[in-house]
Amino acid sequence: MQINNLYLENFRNYSSQYINFDPTCNVICGENAQGKTNLLEAIICLSTGKSPRTRGDQELTRFGNIGYQIQGHIFTRGRDFISKIESLSNRKKKIFVNKVSVKNFSELSQTLNTIFFCPEDLQLIKEGAAARRHFMDVSLCQLRPNYASALTEYSKLHEHKLRILRDQTDRPDLLQTLPDFNKRLAETGAVLIHYRARFARCLSEYAEITHQECSGGKEKLEILYKTVNTITDPFEKQRVLIPQLEEHLRKHNTTELSSRQCLSGPHKDDLEVLLNGLPARSFASQGQTRTAALSMKLAAREIHREIIGEYPVLLLDDVLSELDPKRQEFVLNRINGGQVFITCCENDRLNQLLKGKVLTVKNGVITE
Ligand code: ATP
Ligand code: MG
């Protein structure tokens with residue numbers, strides 16, 4: 001899978017830019033604040049429909065303009081595709097694949113898959129569960145359309161239930177709808193658990209290998225899927241998972257009403273990351289944290305390859321500069337095989353280490 005070229009119009013600090021890419025490695029070089037991350041962000045938008053940095057589409061439009069456009073030629077499964085996102089003022093975003101308008105973001109993921117790694121991803125190890133759930137969601141939404149639609153439905157149900165719990169003083173009549181909500185939350189929740197359990201198992205296997213190699217065989221990384229505690233085995237069939245989720249919801253009914261919060265369900269799932277048997281969140285050093293987070297991302301890349309049959313596009317933002325030369329070299333050896341975009345500051349030694357194309361960015365203009 002590769003993106004052969006990209007056209008940006010009024011996206012972030014780019015006014016009108018056409019770029020050809022190398023099918024292997026693209027090094028994006030430039031001083032601070034020139035547009036390196038913005039370029040990666042555009043590629044991610046083309047694969048997920050969303051920016052990893054912001055929720056508001058407004059921010060993506062170049063200052064002083066009213067909309068933006070991203071278009072890319074993608075080669076995957078032996079065929080060429082053209083994906084396009086058009087954001088116009090006061091209108092919803094329009095998405096086209098091969099000039100045909102599509103409604104769903106997941107259609108973009110059928111064409112382009114991406115794995116993004118940036119310095120903020122250290123949160124995967126150090127922060128709360130939300131970062132790790134988001135990590136699973138980003139990959140699974142790209143890989144499994146059923147997961148993407150279950151997640152959308154679950155989030156809507158969750159939001160709606162939360163509103164009912166919060167408004168119970170003004171609208172006590174709505175409380176009678178809660179059993180219906182819980183039933184549907186259990187049904188869609190079971191779909192999430194089904195996919196997450198399998199994803200976490202593969203993730204742990206791949207990440208353990210990568211981390212071990214990267215640490216010179218000294219460290220063992222393990223990842224365990226943590227879900228609702230009435231689930232006896234997350235790999236069970238959904239008809240077994242659903243009543244177990246309902247049981248947990250029933251048990252928490254009174255506390256949910258008094259706290260006015262949704263306390264039960266896979267929206268509280270987590271991945272427990274262990275380093276040599278100890279929780280990485282509390283015990284990992286900075287270097288270990290960085291290596292573990294990168295191992296998780298590279299493991300996700302292997303899962304994508306396993307499922308779709310080819311490597312997704314890997315986007316590494318400002319990552320290697322923080323690793324020592326030994327680990328840098330290890331990473332560079334590891335990322336062979338698929339198309340890679342990697343940003344660096346000018347005069348970085350990456351330029352000499354990597355084969356492929358060097359693109360220089362200066363104030364929103366890219367030159368080869
Ligand atoms: P660094 O090395 O510091 O990470 P970078 O090259 O990755 O720098 P970007 O994050 O790509 O920098 O941002 C480049 C510039 O784009 C920033 O100065 C930012 O203020 C500007 N920028 C962000 N959004 C917009 C926008 N909507 N319109 C115009 N410029 C923008
Ligand atoms: Mg940047």
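A residue counts as buried when its relative accessible area is under 20%, as exposed when over 50%, and as partly exposed in between (1.4 Å probe, protein chains only).

**Figure 1. Overview of the chain in the predicted model.** Of the 368 residues, 52% count as buried. The chain holds twelve helices and 15 strands, where helices (H or I, at least four residues) and strands (E, at least two) are DSSP runs numbered from the N terminus. The radius of gyration is 22 Å, close to the 21 Å given by the globule rule for 368 residues, so the chain is as compact as a globular protein of that length. This radius is taken over C-alpha atoms, and the rule is 2.2 Å times the number of residues to the power 0.38. Along its principal axes, the C-alpha trace spans about 65 × 55 × 35 Å. Contact means heavy atoms within 4.5 Å; among contacts between residues at least 6 apart in sequence, 70% join residues at least 24 apart.

**Figure 2. Helix α5, residues 145-166.** At 1.5 Å a residue, the 22 residues of α5 should span 32 Å, and its end C-alpha atoms are 32 Å apart, which agrees. The expected span is 1.5 Å times one less than the number of residues. Buried residues of α5 include Y147, Y154 and K161. Among the elements that cover the buried residues of α5 are α4 (129-143) and α6 (178-214), and also α7 (238-251) and α8 (253-259).

**Figure 3. Residue S101 in strand β7.** Strand β7 comprises residues 100-102. S101 is exposed, with a relative accessible area of 52%. Leaving aside neighbours within four places in sequence, S101 is in contact with I95 and F96. S101 and K84 lie 17 residues apart in sequence, and their C-alpha atoms are 9.3 Å apart in space.

**Figure 4. Residue R260 in the loop between α8 and β10 (270-275).** R260 has a phi near 60 degrees, a positive value in a residue other than glycine. With a relative accessible area of 30%, R260 is partly exposed.

**Figure 5. Residue D318 in the loop between β12 (313-316) and α11 (325-334).** Although D318 is not a glycine, its phi is positive, at about 55 degrees. D318 is partly exposed, with a relative accessible area of 36%.

**Notes.** Residues are numbered from 1 along each chain as its sequence is written, while chains are lettered from A and ligands numbered from 1 in the order in which they are written. In this predicted model, local features need pLDDT of at least 70, side-chain atom pairs count only at pLDDT 80 or more, and totals for chains, interfaces and linings use all residues, while side-chain values use heavy atoms, with hydrogens and water left out.
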